[in-house]
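User: Please take a close look at the aromatic side chains in this model. Which partners do they have, and what surrounds them?

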Amino acid sequence: MTVNEPVHDTFEDTPAKDRDPDWFKRAVFYEVLVRSFQDSNGDGVGDLKGLTAKLDYLQWLGVDCLWLPPFFKSPLRDGGYDVSDYTAVLPEFGDLADFVEFVDAAHHRGMRVIIDFVMNHTSDQHPWFQESRANPDGPYGDYYMWADDDKQYQDARIIFVDTEASNWSHDPVRGQYYFHRFFSHQPDLNYENPAVQEEILAALRFWLDLGIDGFRLDAVPYLYAAEGTNCENLPATHQFLKRVRRDIDAMYPDTVLLAEANQWPEDVVDYFGDYQAGGDECHMAFHFPVMPRIFMAVRRESRYPVSEILAKTPAIPNNCQWGIFLRNHDELTLEMVTDEERDYMWAEYAKDPRMRANIGIRRRLAPLLDNDRDTIELFTALLLSLPGSPILYYGDEIGMGDNIWLGDRDAVRTPMQWTPDRNAGFSTADPGRLNLPIIMDPVYGHQVTNVEASMASPSSLLHWTRRMIEIRKQNPAFGLGSFTELQSSNPAVLAFLREYEDDLVLCVNNFSRFAQPTELDLREFDGRHPVELFGGVRFPAIGELPYLLTLGGHGFYWFRLSRVASRIGRRL
């Protein structure tokens, strides 16, 4: 079968039969790079058939929804975010039939699929751009933002400051400048042109017709530009997103839109849309600022960085949800921190300049935390318990490391480590043919850090993570519940309640490396017995006096505040 040959699908096996408008609130997401997960044909590159073959593992882990970064046709100068065809699969990943087979297989296992969609720009190799530069008066002449000089939109910040000196580049073919918020090989689309809007909507429908369950909308704050502004979060951008939402709600119910808007919370909430209407733009948005503050809180051994950003986070519409993450395929972004905080983060987590990219840190979770199991568990517990849906990054569940000797953000995109064997079980190709080299160092190398070894060890991080996901699913308060921070007598301890109907969970987290006591005012729950969720152990009853807890270094507790006394050790 050739790429883009029409695919027949009855969609009888999709989750459409089980309407669940809130599925994304309960879901645990898992970001997986097709290129780096599993190679099925021995060419050294991960592909869709390889990913399909590993779905049993992902089902076993307990994830509910897979997020696939771009797998579209692309020259791959920016990891696929430089799309050259919105409706074609990159041939080395497979074809559309492979994609449909993958989506159907995921649905059979009860997992949903969302894909990245790059709305802001295309590759300069996209036929639209090639036609636009060659024929200014033709049908594609106005698909991009052209100007005779580079003087417009001077207030628009440059995002990739270490590679780009301007948001404008000169095109010798057309003899004009074109606007780009990211790399110069990624020209911005011109959304003032109605034809561009229709093209994007048609491309979205194309993938929805193939059965996917939603999109991560890449770089949505930058769709429109206006003189005298920073060209971010403009009203016209929100109006277009409302149109996207209307069209999708009408034709594809239970589809989720996840906004990638790296902004402050007070600006991000606008991407949920009208509050009174319950939200009429994106269903979800990443909570970017909370992520670096978890890292800050641990090094400062203080809850305040996390407490303060959560306190500043506005309420969101009822039908919406935050997306929470610790790491992903990009650098650990430090855009949403002060200059002082950025210097602190670099000093603590990126002492080697090779660990930095743009204004962030290109390292994975385990090496960021010095591979300390207690700290990794604390971070994962926060990921799974803070308000929002957690998004895991492939390989973090086994503590994979990074390779800072690779270029750009490839440091955190190395092949999944399945076994201690050749190429970590990722591919049968000669090692030199691999898309990216397998990690070989003595701490994070595939010989010691791999799925096979983790599966064989009941006390591994992998088994622990699976159990935590299971507990989260048993308690709807984590996905659907309210959030209330409790006053802790110890500044190193963050305590909060998650509540949904009769499910009430108390989470207590110690950001210090040393054991810490704390007292909590739990008088309103007088008579209840906290039951620790991991082991099912019943703690002493809550009374009128402050409730005393002692936590180990970087320790945490999840308690259900049971209304009825339960037998010790009984699983709830």
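Analyst: **Charges over rings**

The charged end of Arg364 sits over the ring of Tyr394, 4.7 Å from the ring centre. A charge counts as over a ring if NZ of Lys or CZ of Arg is within 6 Å of the ring centre and within 35 degrees of the ring normal. Arg300 likewise lies over the face of Tyr344, at 4.4 Å from the ring centre.

A word on the ground rules. This is a predicted model, so local features need pLDDT of at least 70, side-chain atom pairs count only at pLDDT 80 or more, and totals for chains, interfaces and linings use all residues. Residues are numbered from 1 along each chain as its sequence is written, and side-chain values use heavy atoms, with hydrogens and water left out.

pLDDT is the predictor's confidence in each residue, from 0 to 100. The chain averages 93, and 95% of the residues score at least 70. Over residues 566-572 the pLDDT is below 50, and this stretch has 14 contacts beyond near neighbours in sequence. Contact means heavy atoms within 4.5 Å. Where pLDDT is low, the predicted coordinates should not be read in detail.

**Ring against ring**

The structure holds 47 aromatic pairs. Rings of Phe, Tyr and Trp (its six-membered ring) pair if their centres lie within 6.5 Å; planes under 30 degrees apart count as stacked, over 60 as edge-to-face and the rest as tilted.

Phe71 and Trp207 make an edge-to-face pair, with 5.3 Å centre to centre and 85 degrees between the planes. The pair links distant parts of the chain, 136 residues apart: Phe71 is in the loop between strand S2 (65-68) and strand S3 (72-73), Trp207 in helix H7 (residues 194-209). Helices (H or I, at least four residues) and strands (E, at least two) are DSSP runs, numbered from the N terminus. Phe71 is buried, at 0% relative accessible area. Trp207 is also at 0% and counts as buried. Buried means under 20% relative accessible area, exposed over 50%, and partly exposed in between, with a 1.4 Å probe and protein chains only.

Phe129 and Tyr144 have ring centres 5.1 Å apart and planes at 90 degrees, so this pair is edge-to-face. Phe129 lies in helix H6 (residues 127-134) and Tyr144 in the loop between H6 and strand S6 (146-147), so the pair ties together parts 15 residues apart in sequence. Phe129 and Tyr144 are buried.

Phe71 and Trp207 also belong to one aromatic cluster, whose members include Phe99, Phe117, Trp128 and Phe215.

**The core around the rings**

A nonpolar core is a set of buried Ala, Val, Leu, Ile, Met, Phe, Trp, Tyr and Cys residues joined through side-chain atoms within 4.5 Å. The largest has 154 residues; Tyr30, Leu68, Phe99, Phe117, Met119, Trp207 and Phe215 have the most contacts inside it. Apart from it lies another core, of 16 residues, with Leu504, Leu522, Phe525 and Leu549 among them.

Leaving aside neighbours within four places in sequence, the contacts of Phe215 include Phe117, Trp207, Leu208 and Ile248.

**A partly exposed ring**

Trp264 sits in the loop between strand S10 (256-259) and helix H9 (265-268). Trp264 is partly exposed, with a relative accessible area of 30%. Not counting residues up to four places away, Trp264 touches Pro289, Arg293, Ile309, Met336 and Val337. Trp264 and Val290 are 26 residues apart in sequence and 9.9 Å apart in space, C-alpha to C-alpha.

Val290 and Arg293 are among the buried residues of H10. Helix H10 (residues 290-300) is mostly covered, with nine of its 11 residues buried. The cover includes helix H11 (304-311), strand S12 (321-325) and helix H12 (339-349). Just after H10, Glu301 takes a positive phi of about 55 degrees.

**Aromatics across a sheet**

Two strands pair if DSSP finds at least two bridges between them. Three strands form an open antiparallel sheet in the order S6-S8-S7. S6 and strand S7 (168-171) stand at the edges with a single partner strand each, so one side of each is left without a neighbour in the sheet. S7 and strand S8 (residues 176-179) pair in the antiparallel sense over four bridges. Phe179 in S8 is the bridge partner of Trp168.
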